[in-house]
Amino acid sequence: MIIAANLKTNLTRKQTLEYVNELEDFLNKNNISQEVLVFPAASSLNAHSGKVIIGAQNAYATANGAYTGEIGQDHLDEFGIKTILIGHSERRHILGESQEELVKKFNYYKELGYKIIYCVGEPLDVREAGYEPMIEYISDQYEGIDTNYENLIIAYEPVWAIGTGLTPTLEEIEATHKDLKKKSPAPLLYGGSVKVTNANDVLELQSVDGILVGSAALYVEHFCTMCEYAQKIENKN
Ligand SMILES: O=C(CO)COP(=O)(O)O
């Protein structure tokens, strides 16, 4: 399974280094062979060798150039980073990235063979409009995306569930994932208020291939526990 931590605008470079080292030790001591990804803030990116894979939360579709405030492929290359998150709801809804811009970014990093975690998910008003409009809204977020890209992972994160403590029910997650799985053979993660208290139940769902965790992942011991849950489920199956 794939267990991913999106650290967002949290943890300094020093704190991130401690975090990744503690996580790496835990994975090794506990023989955890799951795919574990950590997405630090841009200024906390660092080279890391081991089980933990470091990814970028964002980068511009360029190697370098005049794009004030952005980082590019050169900055990721410096640390051997080959994994990127694209289409996170905070980038879509807070930072105003359009589908067109996301597609451009997707294609740029796809050409370079990056592992891409591409996020989709509906806001609350769309959710409240009913299941069909919700699936239509999410389908639009697949527009222009090569859903057969071999290094693609998709994360379904309902916007209203992110950082709110609210989640769809397990049945709702399963139903939505089943429908989204028809759109792409890529592994499908669930994200949105995943905590130590619900992670195991979510991971046990048939159509869930992993989780993308925000706030709860800031506590390294919580994130380690979730990695352990995934390992136990896999050992059992
Ligand atoms: O946005 C998320 C991960 O990308 C989820 O955030 P929370 O786990 O804080 O809801």
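Two residues are in contact if their C-beta atoms, placed from the backbone, lie within 7 Å. The model is a predicted one. In it, Ser 193 touches Ala 161, Thr 164, Gly 165, Leu 166 and Thr 167, leaving aside residues up to four places away in sequence.

Where does Ser 193 sit? Its place is the loop between strand S7 (188-191) and H8. Ser 193 is buried, because 21 other C-beta atoms lie within 10 Å; the threshold for buried is 20 or more. Ile 162 is 31 residues away from Ser 193 in sequence. In space, the two are 5.6 Å apart, C-alpha to C-alpha.

The backbone of Ser 193 also deserves a look. Most residues other than glycine have a negative phi. Ser 193 has a positive phi, near 55°. Leu 11 is not a glycine either, and its phi is positive at about 65°. Leu 11 belongs to the loop between strand S1 (2-6) and helix H1 (13-29). Is Leu 11 buried or exposed? Leu 11 has 20 other C-beta atoms within 10 Å, so it is buried.

Next come the helices. Begin with H8 (residues 196-204) and H9 (residues 220-236). Their axes come within 10 Å and cross at roughly 25°. Angles under 35 degrees count as roughly parallel, and H8 and H9 are therefore roughly parallel to each other. The crossing of H8 past H9 is right-handed. Which residues meet there? From H8 come Val 196, Ala 199, Asn 200, Leu 203 and Glu 204. From H9 come His 222, Thr 225, Met 226, Tyr 229, Ala 230 and Ile 233. In this contact of H8 with H9, seven residues are nonpolar, three are polar and one is charged.

Helix H9 has another partner, H1. The axes of H1 and H9 come within 10 Å and cross at roughly 30°. H1 and H9 are therefore roughly parallel to each other. Their crossing is right-handed. On the H1 side, the contact is made by Tyr 19, Glu 22, Leu 23, Phe 26 and Leu 27. On the H9 side, it is made by Val 220, Phe 223, Cys 224 and Cys 227. What is the make-up of the contact of H1 with H9? Eight of its residues are nonpolar, none is polar and one is charged.

Take Glu 122 to begin with. Glu 122 lies in the loop between strand S5 (115-120) and helix H5 (124-128). It has 24 C-beta neighbours inside 10 Å and so counts as buried. Glu 122 touches Arg 127, Met 134, Tyr 137, Ile 138, Pro 158 and Val 159, not counting residues up to four places away in sequence. Trp 160 is 38 residues from Glu 122 in sequence, with 7.6 Å between them in space, C-alpha to C-alpha.

Asp 140 is in helix H6 (residues 131-140). Why does Asp 140 count as exposed? Because 10 other C-beta atoms lie within 10 Å of Asp 140, and a residue is exposed at 12 or fewer. Asp 140 and Gln 99 are 41 residues apart in sequence. Their C-alpha atoms are 8.6 Å apart in space.

Asp 179 belongs to helix H7 (residues 170-181). Asp 179 has 15 C-beta neighbours inside 10 Å, so it counts as partly exposed. Ile 135 is 44 residues from Asp 179 in sequence. C-alpha to C-alpha, Asp 179 and Ile 135 are 8.1 Å apart in space.

Definitions and conventions: Residues numbered from 1 in each chain as written. Predicted model: local features only at pLDDT ≥ 70, side-chain atom pairs only at ≥ 80, totals over all residues. Axes fitted to C-alpha atoms, helices over the stretch in contact; angles between N-to-C directions. Helix = DSSP H or I, 4+ residues; strand = E, 2+ residues; numbered from the N terminus. Parallel < 35°, antiparallel > 145°, perpendicular 65-115°, else oblique. Left-handed = near helix turned anticlockwise from the far one by under 90°. Nonpolar A, V, L, I, M, F, W, Y, C, P; charged D, E, K, R; others polar.
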